Amino acid sequence: MTSVLTRLQRRLFKRVTLTRYAASADCFLTSYPKSGRTWFRYILSHYFASLSGFPGAVNLHNMFSIVPNFDLDPVRGIPGFREVVTGAVPKVWVSHLDYRASLFLRRPVIFMVRDPRDVVVSAFFHATRHKHRFEGTLEDFIVNREQGVPAMCRYLNGWARGMGQRRHHILSYEALSNDAVSETRKVLDFLGCRQDAAALAAAVEAGRFESMQDRERAEGIPAHDYDRSDTDSLRMRRGRAHGFHDYLDQGMIARVEQICAADLSRSAKRLVAATGFDL
């Protein structure tokens, strides 16, 4: 009984604390995993660091102290947020959590979206090479209800519904790949953040895929233990839009499209249409 009460108390403390943090957020950056969040966080972190006089160079470890996860992790979460940047730049909390109105309150949202065919390939390698939490083929993974396309559809449906009730901005991986400066500028406009052309150009340059991949091989990601010599285990694995053709045959592509067509809500289909994936 004592252990049950302790778990309940911890859960309540976490919920109350996260709600308090949510109220302090200027904006949330949300996405389904493997949609480009690490890349865009890195760009934002460099830009915000430049505006605020953040001490030292930004890397894959301290970027969390500028644009933290929306959780209680002492390093990657809000407890590790550096108050030195407060007031100079927006407080942007980053999350992969499912939509819950009571948790995200009425705060604005930047929602990152990526072609589901690319996401499922990247998610497969993340689950098998990085996290080691799935055994099976890519074809098996596509239809898996807990980690594959059905799970992605549930996530997108929830957020598509939730964003209808709040101010939001849609950022696609594909548009960011095509013109990172222009797309980041749109996000800064949405945030009401001061713009500095030189700082923005430098942030985008720092976020070049090759540079980030080299950094990941050298530094790794905080709280993640994986084989950084294996390219397919990296967060910065390939950095390509529409690279799914290298991994999915026509039958698998058709299966992803069928599940999306059947499971995605009308508003979620509009979300993924921003990537060029038209159902």
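Is L105 buried, partly exposed or exposed? At 27% relative accessibility, L105 counts as partly exposed, where buried means under 20% relative accessible area, exposed over 50%, and partly exposed in between, with a 1.4 Å probe and protein chains only. L105 sits in the loop between α3 (101–104) and β3 (109–113). Its phi is positive, about 50°, although L105 is not a glycine.

This is a predicted model, in which local features need pLDDT of at least 70, side-chain atom pairs count only at pLDDT 80 or more, and totals for chains, interfaces and linings use all residues. Residues are numbered from 1 along each chain as its sequence is written, and side-chain values use heavy atoms, with hydrogens and water left out.

The protein has 12 helices and four strands. Helices (H or I, at least four residues) and strands (E, at least two) are DSSP runs, numbered from the N terminus. Of the 279 residues in the protein, 52% are buried. Among the contacts in the protein with a separation of 6 or more, 69% are between residues 24 or more positions apart, a contact being heavy atoms within 4.5 Å.

A second residue with positive phi is K34, whose value is near 70° and which is also not a glycine. K34 lies in the loop that runs between β1 (27–31) and α2 (37–52). With a relative accessibility of 13%, K34 counts as buried.

Among the helices, α6 covers residues 149–163 and has 15 residues. From its first C-alpha to its last, α6 reaches 21 Å, close to the 21 Å expected at 1.5 Å a residue; the expected span is 1.5 Å times one less than the number of residues. Because 13 of the 15 residues of α6 are buried, this helix is largely enclosed by the rest of the structure.

The charged side chains come next. Side chains of opposite charge can pair when their charged atoms come close. A salt bridge here is a side-chain nitrogen of Lys or Arg within 4 Å of a carboxyl oxygen of Asp or Glu, and by this rule the count comes to five. One of them joins R76 and D73, whose closest N and O atoms are 3.8 Å apart. R76 is buried at a relative accessible area of 17%, whereas D73, at 22%, is partly exposed.

D115 counts as buried at 0% relative accessibility, and R117 counts as buried at 12%. The salt bridge between E257 and R117 has its closest N and O atoms 3.0 Å apart. This pair links distant parts of the chain, 140 residues apart: E257 belongs to helix α11 (residues 250–263) and R117 to helix α4 (residues 116–130). E257 counts as partly exposed, with 29% relative accessibility.
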